[in-house]
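Here is a short briefing on one protein chain. Look at the structure first, then work through the points by topic.

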Amino acid sequence: MLENWDFNEYDQKIIEGLNDFIPDQVFDIHAHLVRVSDLNLDHDNFYSKIGEEITLDVWKENVSKFTQGSNLMGGLFFPMISSCCDVQKCNDYLIEQLKGQTTSKGLILISPHMTRKEAEKYLEDSQIVGLKPYHLLSDKKPTN
């Protein structure tokens, strides 16, 4: 299990209190998949503490602890972001993870450096249902 995804007694008590609230089927509408090396980070940070990657299986294993008793159906996934990430590698990793998934979809990262043709190519994949822009990828500073 990932160090930063600790599930403890306090979490268990909260989940027990929500059992009547959580539906029988759960779809995660905001989830990130990441291969940390694609973020091109050169210093110690939060991402360096999660391991090498968060795969679809890692996500499901950890999130299902919080949806106890429910069927975790799938999710809407997009890559994790950093201002110096390799957008293409992040998108390709997402698509690789979503292959064969029937109940999950993805959003690709787009950047000002991506051509329309490059973005449209990703949209040919039936797992990809949209585009996700982030201000961190802007050349203008400050980005926000």
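The model is a predicted one. Along the sequence, the elements follow the pattern α-β-β-α-β-α-β-α-β.

**Overall picture**

- The C-alpha trace spans about 45 × 35 × 25 Å along its principal axes.
- The protein chain has 144 residues, and 40% of them are buried.
- Its accessible surface is about 9000 Å². Carbon and sulfur atoms hold 52% of that surface.
- Take the contacts with a separation of 6 or more: 69% of them join residues 24 or more positions apart.

**The sheet**

- Strands of a sheet pair through backbone hydrogen bonds, and the pairing can be parallel or antiparallel.
- In what order do the five strands of the open sheet lie? The order is 2-1-3-4-5, and the pairing is mixed.
- Strand 2 (53-54) and strand 5 are the edge strands, since each pairs on one side only.
- Leu107 stands opposite Gly130 of strand 5.

**Helices and the sheet**

- Helix 2 (residues 56-63) lies across strand 1, strand 2 and strand 3 (71-79). Helix 2 runs at about 130° to strand 3.
- Helix 3 (residues 87-98) lies across strand 1, strand 2, strand 3, strand 4 and strand 5. Its angle to strand 4 is about 175°.
- Which elements make a β-α-β unit? Strand 4, helix 4 (residues 116-123) and strand 5 do, and the unit is right-handed.

**A loop residue: Ser70**

- Ser70 sits in the loop between helix 2 and strand 3.
- Is Ser70 buried or exposed? Its relative accessibility is 18%, so Ser70 counts as buried, because buried means under 20%.
- Set aside its neighbours within four places in sequence. Ser70 is then in contact with Ile22, Pro23, Asp24 and Val26.

**Salt bridges**

- Side chains of opposite charge can pair when their charged atoms come close.
- How many salt bridges are there? The count is three.
- Arg35 and Asp38 form one of them, with N and O 2.9 Å apart. Asp38 is buried, at 4% relative accessible area. Arg35 is partly exposed, at 26%.
- Glu120 pairs with Arg116, and their closest N and O atoms are 2.8 Å apart. Both residues lie in helix 4, four residues apart, which is about one turn of the helix. Glu120 is partly exposed, with a relative accessible area of 39%. Arg116 has 68% relative accessibility, so Arg116 counts as exposed, because exposed means over 50%.
- Glu124 and Lys121 also meet through their side chains, at 3.4 Å from N to O. Both of these residues are exposed.

Notes. Residues are numbered from 1 along each chain as its sequence is written. This is a predicted model: local features need pLDDT of at least 70, side-chain atom pairs count only at pLDDT 80 or more; totals for chains, interfaces and linings use all residues. Side-chain values use heavy atoms; hydrogens and water are left out. Two strands pair if DSSP finds at least two bridges between them. Helices (H or I, at least four residues) and strands (E, at least two) are DSSP runs, numbered from the N terminus. A crossover is right-handed if, with the strands pointing away from the viewer, the path from the first strand over the helix to the second runs clockwise. Contact means heavy atoms within 4.5 Å. Axes are lines fitted to C-alpha atoms, for helices over the stretch in contact, and angles run from 0 to 180 degrees between N-to-C directions. Buried means under 20% relative accessible area, exposed over 50%, partly exposed in between (1.4 Å probe, protein chains only). Accessible areas come from the Shrake-Rupley method with a 1.4 Å probe; for residues, only the protein chains shown count as cover. A salt bridge is a side-chain nitrogen of Lys or Arg within 4 Å of a carboxyl oxygen of Asp or Glu.
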